[in-house]
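Have the sequence and the 3D view handy while you read.

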Amino acid sequence: MKYLLFVLLLLVVRPTWGQRTANIAPHKLPLKVQKAFEGKYPQAQVKQAIWQEVDTSYQGQFWDEANGIYVLAYFDEAGKWLKSEMEVEPSAFTMAIKRFLEKEYDDRTISYVLATQHPLGNYTYWIVLENETEILSLELDAYAKILYQEVEQIQVKAGEGLRP
């Protein structure tokens with residue numbers, strides 16, 4: 001069930017409109033991608049990951065048993081690791097992000113967090129916050145700088161109200 005939720009949230013958070021996407025069998029991956037994946041994630045197995053080819057990159061999704069999370073790793077055709085995305089708990093936030101959210105968005109509930117690890121070792125965080133009237137999506141760097149922001153109003157039909 002958690003796996004299904006992760007996949008659905010990735011589709012909602014990071015749509016690939018306009019990109020060529022195709023599932024690919026692990027044995028059809030370029031050898032450089034296989035080797036890079038095994039080097040980056042020695043605990044994972046290429047054959048157990050779910051692979052997609054998106055334009056000119058390869059995405060491998062797998063369960064990281066040691067950390068108890070699903071990981072989506074991106075590699076280019078030459079096997080260069082591009083980034084990895086994983087669902088994390090708010091406890092993984094830096095102190096700067098924790099303080100920022102407490103100060104600016106204390107009236108909202110965190111419903112989803114996706115951390116992205118970049119090649120230089122830095123992380124960015126895609127955070128979805130909700131209250132009774134809107135859903136706010138933020139992308140923050142580790143210092144709580146807003147890189148992207150989107151607000152969606154929650155439409156409630158007259159007479160329906162919000163139910164727990």
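Contact here means heavy atoms within 4.5 Å. And keep in mind that this is a predicted model.

With that in hand, take Arg 108, which sits in the loop between α3 and β6. Setting aside neighbours within four places in sequence, Arg 108 is in contact with Leu 129, Glu 130, Asn 131, Glu 134 and Leu 136. One of these gets a polar link too: the side chains of Arg 108 and Glu 134 are joined by a polar contact of 2.4 Å. Is Arg 108 buried or exposed? Its relative accessibility is 15%, so Arg 108 counts as buried, the cut-off being under 20%.

Now for the overall layout. The protein chain has 3 helices and 9 strands, and along the sequence they run α-β-α-β-β-β-β-α-β-β-β-β. Of the 164 residues in the chain, 38% are buried. If you take contacts between residues at least 6 apart in sequence, 41% of them join residues at least 24 apart.

Ile 97, Phe 100 and Leu 101 are buried. Why do they end up on the same side of α3? Because they cover an arc of only 95° around the axis. As a rule, residues three or four places apart in an α-helix point the same way, because there are 3.6 residues a turn. Arg 99, Glu 102 and Lys 103 are exposed on the other side of α3. As for the cover over the buried residues, it includes β6 (109-117), β7 (123-130), β8 (134-141) and β9 (146-153).

Leu 101 shows up again in the largest nonpolar core, which has 33 residues; Phe 37, Trp 51, Leu 101 and Ile 127 are those with the most contacts inside it. Elements that each supply at least two residues of this core include α2 (31-40), β3 (57-64), α3 and β7. The largest share, 4 residues, comes from β4.

In one of them, the rings of Tyr 123 and Tyr 125 have their planes at 20° and their centres 6.4 Å apart, so the pair is stacked. Tyr 125 counts as buried at 7% relative accessibility, whereas Tyr 123 is partly exposed, at 29%.

| Lysine | Ring | Distance to ring centre |
|---|---|---|
| Lys 40 | Tyr 41 | 5.8 Å |
| Lys 83 | Tyr 74 | 4.8 Å |

Most residues other than glycine have a negative phi. Asp 55, in the loop between β2 (50-54) and β3, has a positive phi of about 50° although it is not a glycine. Ala 144, in the loop between β8 and β9, likewise isn't a glycine but has a positive phi of about 75°. Asp 55 is partly exposed at 30% relative accessibility, while Ala 144, at 11%, counts as buried.

How values were computed:
Residues are numbered from 1 along each chain as its sequence is written. This is a predicted model: local features need pLDDT of at least 70, side-chain atom pairs count only at pLDDT 80 or more; totals for chains, interfaces and linings use all residues. Side-chain values use heavy atoms; hydrogens and water are left out. Buried means under 20% relative accessible area, exposed over 50%, partly exposed in between (1.4 Å probe, protein chains only). The arc is that of the directions from the helix axis to the C-beta atoms. A nonpolar core is a set of buried Ala, Val, Leu, Ile, Met, Phe, Trp, Tyr and Cys residues joined through side-chain atoms within 4.5 Å. A polar contact is a pair of N or O atoms within 3.5 Å; within protein, one must be able to donate a hydrogen and the other to accept it, and residues adjacent in sequence count only if both atoms are side-chain atoms. Rings of Phe, Tyr and Trp (its six-membered ring) pair if their centres lie within 6.5 Å; planes under 30 degrees apart count as stacked, over 60 as edge-to-face and the rest as tilted. A charge sits over a ring if NZ of Lys or CZ of Arg is within 6 Å of the ring centre and within 35 degrees of the ring normal.
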